[in-house]
Amino acid sequence: MGELGFHRRALFGAVFRRSVSLLTVAGFLAVVPTVAAPAGVARADGTTQATDEARAAAETAQETGEQVEIVGERTPYTTTFANPDGVTFTLKDSSVPVRVKQSDGSWIKPDPTLEVRSDGSVGPKASVAGITFSGGGDGADLVKLSHGGRSLTVGWPGTLPKPSLDGDAAVYADVLPGVDLRMTATTEGYREVLVVNSASAAANPALKKLSFPVETKGLSLRDGDGGVSAVDSDGNTIFRAPTAQQWDSAGDTAGSSPATSSASKTSASTASFTTDALNSQATGDDGESTPDPTEGPSDGDAATLLPVTADETTISVTPDTKMLTDDAAVFPQYIDPDVGMTESERTLLSSDGDTFYNFSGGDEGKGVGYCGIYYTGGVGYYCGSGYKNRMYYEFSPSKLAGKHVLDATFVITEKWSMSCTPSWVDLIRTGNISSSTKWPGPTSNWDTMVDRNVSAGRGSACSPSQPAAPIEFNDNPAETNENLTATVKKFADGDFSRLTLMLKAHDESDPNSWKRFDDDAEIDVKYVGIPDKPTHIGLVTGTTTLCETNKSDPLIVSDPTPALAATPQTVAGGEKEASLRAVFSVDKNTSGDTWSNVFESERPTSGYVGDNVQEVMSAPALVDGTLYRYRAWTRSYYNSGGDYLAGKSNGSTTGYCYFKVDSVPPKAPGIALAAPYSVCSTTSCSAGGGPGTKVTFTFTPAAGDTNIAYKFRTTASAPWSDPITGATATATFTPPTSGTFSVFVRAEDTLGWGATGSVDFLVAQGTGPIGQWHFDETSGAALDSSTTVAAEQDNATLSATGASRDGRGRRGVITKDADGQDLATPQTDTGLTLDGTSGYAATTSPVVEARSSYTVAAWARLASAPTHNEVVVSQSSVGSAGPGFAIYYSNSYSKWIFNWHWADTDGTWHYVRSFADTASPPTKVWTHLAGVYDANAKTIQLYVNGIPQGQPQPMPAGQPAADTGTLQFGRGLATTATFTDYFNGQIDESRIWQRADEGGDGD
């Protein structure tokens, strides 16, 4: 196909692409990474909530009137901004990388230019994937791709010469007599082309079948339907290599069709189509360039498809020997399998049958429209043989999850147009594409999103000048049929799994419609987080939040102005960028099922909070004896705070919280525990007893009360016990397992049941750990193997991206079983591998009772010299006080640290740190780390490889406070609700004991 001589195939290569579900390196041809109050924070009305980066950026944007980037949200493909209205955000999601992260954490522009490295290998200066070409010698390591702990190595079946470098290409001359191997790096992967230069070279028997040795880590290869798929351990297809292609040079040697005027002196396929022409100040010289024939077939080239097959160690391609050996064969000929991805794909389709899957825009861009002969002013300008091109982009919804789309724009750079006269370009939603999609592409159910009448890229040849420019496709309110924003909103809401957009000329018979576009398409989305039902909805009673959903048995409170709590939430994906308030609403019962609203109020009353920040407000004075019901919901604000989205409330989902105020009947009774158990205080919680050891409660009246009976329960959702009569009473309970338990008690006098009181107590563990994770599962959550009772396990779920389990576990190759007997088949130990950017594993509830003695231990292996703090394991409450612990590498101190951290009511953060004795720990070496808190001595201490580090560090008065956060492997909380300090490397064999252990290993 002509593509004006510039549209060549980017083939036999790998493209590093994004995946919805995980970051990974895929096989042979492609890489896909894309690598005191209850729980929460009790905010007093009117206090200032510390903000995370997104909220801070929103406030700065509102103050300055300009967009402010949320730098912490950067990825190679996406950029997120806070908008000047102070409440909305904009996500720019590009189809190609816009930046590459360096080892020191900085970002630079992608650059595929090849350079020779210190070990003699060759690689691009800045690419999303780790890409290494051979420097010559043994062909087994022709190219290696790596990312996130997975890697792919593709070899050449023979010895390789030292390559010659030309920009982004490495050419290995005469890998077979008269056959060159050309490897081209991209910012996402590579492409590979065999160049057969002559008929004598084509006669080589080695070309009858080409077999490339392959070595994969964390991936498996499968073939079928003429192509190859690479799948991960969960069976997900990460990429597909469809049927390959072979083409000759007939179109390069046949010459161009003549123009209809002598004025057309330049080659038909190259006139006016170079970057120099775009930038030239001269108006009479269109310029000329020679296209690279290794990029794909040109107009007039003969081409054929080739099957690709694979097993676990080899990928094979069988060339068309008839095409190679025919007497009329034209050389050079090129052999090149194509590649296709399962997510975020792009392709260019031509009516002459050629396909350019995952194409690169290059310097000139790729054509869209009709390529024939354009006549103007009596002069004909030859473009091509009269074919049509359509360009497709497919987007993934992963970054749009949890977001309510307010506006959407499709943006792409137009690099050249046939003339200075604008022509219409349509942006159309079509059916989905794949690597096997051929002309005419998906043709049913086209839905026109937006059209634009544009011309750009001819520079000073036009007056005024028309430089290359980004073209924005955004809904025109005057054209009701344009619905890009509505479509992207449905896409974000999950109505369909992939969004495919096609660029085509509105009139595909008009030669003036021919334009060239770059590959830099992006979707720009203005959005707010979608609100979800708040958590921790209820009335604050003691150290617990309670919600009694049984209307006939309401919660009794003695305070006529009870404290109401709710923690605003967003739907998963909208957490980091949200402008939220909690709405508190209380109704009173007037008769039967008739209710009247008493009040409805927002918190905070000014400004906003982010996701998962608890709000507490005091109700106005309520009337004794009246039945009330309470509900709360989340509001997510936009339009400068003038509009909001409302989430669901507990009233419409889990049920209202029913309560009565009764300041006369019994107040919350006293609760005492018999030895060996004791009541937890706000700063300490001593373990006692053990699983199966009964605890005896004694219930006593509050001062001034005369009680006649009591009821109790050990969870907020359990039914109340039968009444236990007496002015004082005792009850027993047998804990089924170790850990923190609560007991809720209420008393009755002659006027009825009264307020509820509650206390916590800690059940000591048995001989084993209370949590244990080996990370040896093939899929799913990491199992807590400290118990076999499923309900008592604290399993850790791996993040969707950046986390995996591979064969780099601490124990290496295992040859013996637990009894020391030889295994019939040695096994490779697996561990948790994290990418240092987004990967982690987390439980759904707290594991450590931080007010009691504990030991937290794990093996860790740093992948490289850290450039930022890297957390191995942590547990911290979400909120302004945020008490918690972390074992981590500190970039500032260059040491391992075990710390306890918390914040004052004014937002000032404090830390108690136990430092490692030695700085700059080794990388790629397994290190055993343990953090120990001794509740008797009130100290913390770090252990490294079983050795105590420094002296125990004392805790101040008032600490440790209750830590209600979830256990996190590979990240920690930096502020009130922002996780950061992601670990880069491996974590394995983590254990937790609810006791202080001097060796740090539980023995």
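This is a predicted model: local features need pLDDT of at least 70, side-chain atom pairs count only at pLDDT 80 or more; totals for chains, interfaces and linings use all residues.
A search of the whole structure finds 4 disulfides. The bonded cysteines of the chain can be numbered in sequence order, and the pairing then reads 1-2, 3-4, 5-6, 7-8. Three of these links are described here in turn: Cys371 with Cys383, Cys547 with Cys657, and Cys680 with Cys685.

Cys371 is joined to Cys383, with an S to S distance of 1.9 Å. The pair links distant parts of the chain, 12 residues apart. Cys371 sits in strand β31, which covers residues 366-376. Cys383 belongs to strand β32, made of residues 379-395. The link of Cys371 and Cys383 is left-handed, with -105 degrees about the S-S bond. Both Cys371 and Cys383 are buried.

A disulfide is also formed by Cys547 and Cys657. Their sulfur atoms lie 2.0 Å apart. This pair, too, links distant parts of the chain, and 110 residues separate its two cysteines. Cys547 is found in the loop between β41 (544-546) and β42 (555-557). Cys657 is in strand β49, which spans residues 657-661. The angle about the S-S bond is -105 degrees, and the link of Cys547 and Cys657 is left-handed. The cut-off for a buried residue is under 20%. Cys657 has a relative accessible area of 0%, and it is therefore buried.

Cys680 and Cys685 make a further disulfide, with an S to S distance of 1.7 Å. Cys680 is buried, and Cys685 is buried as well.

The helix considered here is α6, formed by residues 484-492. Which residues of α6 are buried? They are Leu484, Thr485, Thr487, Val488, Phe491 and Ala492. Seen down the axis of α6, these buried residues fall within an arc of 160 degrees, so they line one face of the helix. Gly494 follows α6. The phi of Gly494 is positive, near 90 degrees.

How values were computed. Residues are numbered from 1 along each chain as its sequence is written. Side-chain values use heavy atoms; hydrogens and water are left out. Buried means under 20% relative accessible area, exposed over 50%, partly exposed in between (1.4 Å probe, protein chains only). Helices (H or I, at least four residues) and strands (E, at least two) are DSSP runs, numbered from the N terminus. The arc is that of the directions from the helix axis to the C-beta atoms. A disulfide is a pair of cysteine sulfur atoms within 2.5 Å.
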